[in-house]
Amino acid sequence: MMKTRALLTVIAILTFACAKATTFEMDGIWYSITSDHTVCLVIEPSASGSGASFVIRKTYEGDIIIPETVTYGGTTYTVTAVEDGTFKESPKLTSVSIPATVTDLGETPFSACGKLNTITVAPENPAYTIVDGLLYDKAVTTLLACPGTKAGGIVIPLTVATIGKAAFQGCASITSVDIPQTVNEIGARSFYGCKKLTSIVLPEGVPCVGDSMFYSCSAITSVTLPQTITSIGVNAFYHCNLLKTVTLPDAVEEIHERAFNLCYGMTTVTTPANLKRIDYRAFDNCTKLKAMTLPASLTLVDSLAFCGCSDMRRIDVAEENTVYCSADGVLFNKDMTTLVCCPAGKLGDYVVPESVTTIGDYGFYYCRTLQSITLPYSLKAIGNHAFRFCSSLKTIALPPTLEVIQHDGFSQCPNLKSFLCYAPNVPAVKSSTFNANNYNVPLYVPYVALDNYQNADYWKNFTIQPISSEVVGGILGDANGDGKVSISDVTVTVNAVICQDHWQFSWQMADINFDGSITIADITGIVSVILGE
């Protein structure tokens, strides 16, 4: 006796739905004709009105008994297959009985069926079999599916070589899986949502940690990876928030997008010697991770790889690396012309090195504890989102050399009280460079460029005033930053004017007449300060 009915689940997808002409329903189960004498079991076709931007996905529930044959339109068809995805994410599916005639269940037959208690297969089925309640191929070399309600420990037979894609997805009550050394392939999403799984040992021979393999395994504390692993997939350990330490084998070359995203408990990652790339948000919100050491082999670090790592104080790079370097725990390109990433846990005040010409995209993103950032005289460009979420930053002085500020440079900086822009030539900006909160902050510019800023697109939205000694702070004339004004300050300023040597040069204090340029007039002014004039 079949107890089936369609459960309506709304899934937003940008497509239109139409029922196939060869699709029909029989006793609550839908089929699609695949040949003159065969049919495939499918999901109930969804309907949408004209212009609809979403469709209704209908799933099966209850106990499903798949028949060997069905008769439709005077023709008897053999049921030979189940279309891939027919039963996936069916929250009220409780059991499925598979006849001898069905030899194709698709790639992920029962993924995320959390209430599925039982899968049965006819003994004479040539393609599939059941061992300890789990679905395997007939030879028991591939594990295909574990019922969603399975609990406790799982022991996989020694004959198994492959764990299929999403085989354990949604099995929220399993606590351990004993994987034999015969296994050399584990599919993507294989342990997705196994919320009580506490540890796992992957056998030698497995080549990668696949996409979303341990997604939301929120109880897992230990993962042992074999030396054969070469990559960590997209979302591989996403939201494994009890995972504290990970030792990545030296063979690992790639850590893909969001691989360790939301691993809140992670404190240590041992990076492999052959690592070549760390992708977008790979360690996003690993809030207890304090440091990273990048190997010589690394050639690509995404600018948001360590986004939200609020405790991270240092990013160090092997000296032999030809693409990147670090100074004072901050990541730069090799020649230190671009600041790539300041770790979000950097404290207090930070002085950007004089060699830097570009603050890269997201350069200081989420640096919530930095109270002061001093930009160099060499700086020409500020990238997208460069200072976003710098919530402790109170003021910023943009140097005379600045040429461009990209999108959303200073959003979410609630304590920013003033902008000082020393550039006599108005830097190029976009409509999205500043936001409404930025425009509430006063802007100070060189008096010689006041009219230019007041007439420039987007800059004119600020309340603009000339730079003066009241807003600069510090000791005017202290060009070398030693806390006093002396002949040494004259010397470094002369070098700046004649030789363009700005090393250890405090350009804000040297621009004593606030015109945005370092000239002979500033040298004369510093001399006057020394003479008490």
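Mentor: Start at strand β4, which runs parallel to strand β8 (residues 75-82) and is joined to it by 4 bridges. This is a predicted model, in which local features need pLDDT of at least 70 and side-chain atom pairs count only at pLDDT 80 or more, while totals for chains, interfaces and linings use all residues. Residues are numbered from 1 along each chain as its sequence is written, and side-chain values use heavy atoms, with hydrogens and water left out.

Some terms are needed at once. Strands (E, at least two residues) and helices (H or I, at least four) are DSSP runs, numbered from the N terminus. Two strands pair if DSSP finds at least two bridges between them. Strands of a sheet pair through backbone hydrogen bonds, either parallel or antiparallel.

A hairpin of 4 residues links β3 to β4. As for cover, 4 of the 5 residues of β4 (38-42) are buried; buried means under 20% relative accessible area, exposed over 50%, and partly exposed in between, with a 1.4 Å probe and protein chains only.

Now compare another strand, β30 (residues 330-333), which runs antiparallel to β29 and is joined to it by 4 bridges. Ser326 has Leu331 as its bridge partner in β30, and Cys325 has Phe332. Phe332 in turn has Leu339 of β31 as a bridge partner; β30 and β31 pair in the antiparallel sense over 2 bridges. In a regular strand the side chains alternate between the two faces of the sheet. In β30 both faces are covered, with Val330 and Phe332 buried on one side and Leu331 and Asn333 buried on the other.

The one formed with β29 has 2 residues between the strands, and Asp328 in the turn has a positive phi of about 55°. The one formed with β31 has 4 residues between the strands, and Met336 takes a positive phi near 60°. These strands belong to an open sheet of 6 strands with mixed pairing, in the order β29-β30-β31-β33-β35-β37. Its edge strands, β29 (324-327) and β37 (404-405), each pair on one side only.

An open sheet of 3 strands has the order β6-β9-β10, with parallel pairing. β6 (62-65) and β10 (118-121) are its edge strands, each pairing on one side only. Within it, 4 bridges join β6 to β9 (residues 93-98), and Asp63 stands opposite Ser95 in β9.

Next come the cores. A nonpolar core is a set of buried Ala, Val, Leu, Ile, Met, Phe, Trp, Tyr and Cys residues joined through side-chain atoms within 4.5 Å. The largest one has 65 residues, and those with the most contacts inside it are Phe168, Phe191, Ile232, Phe260 and Phe283. A second, separate core has 44 residues, including Met336, Ile382, Leu402 and Ile464. In soluble globular proteins, nonpolar side chains tend to be buried together.

Contact means heavy atoms within 4.5 Å. Arg281, in the loop between β25 (277-278) and β26, counts as buried because its relative accessibility is 19%. Beyond its neighbours within four places in sequence, the contacts of Arg281 include Arg258, Asp302 and Tyr365.

Finally, the cysteines. A disulfide is a pair of cysteine sulfur atoms within 2.5 Å, and by this rule the count is 0. Cys390 is in no disulfide; the nearest cysteine sulfur, that of Cys413, is 5.2 Å away. Cys390 is buried, with a relative accessible area of 0%, and Cys413 is also buried, at 9%.
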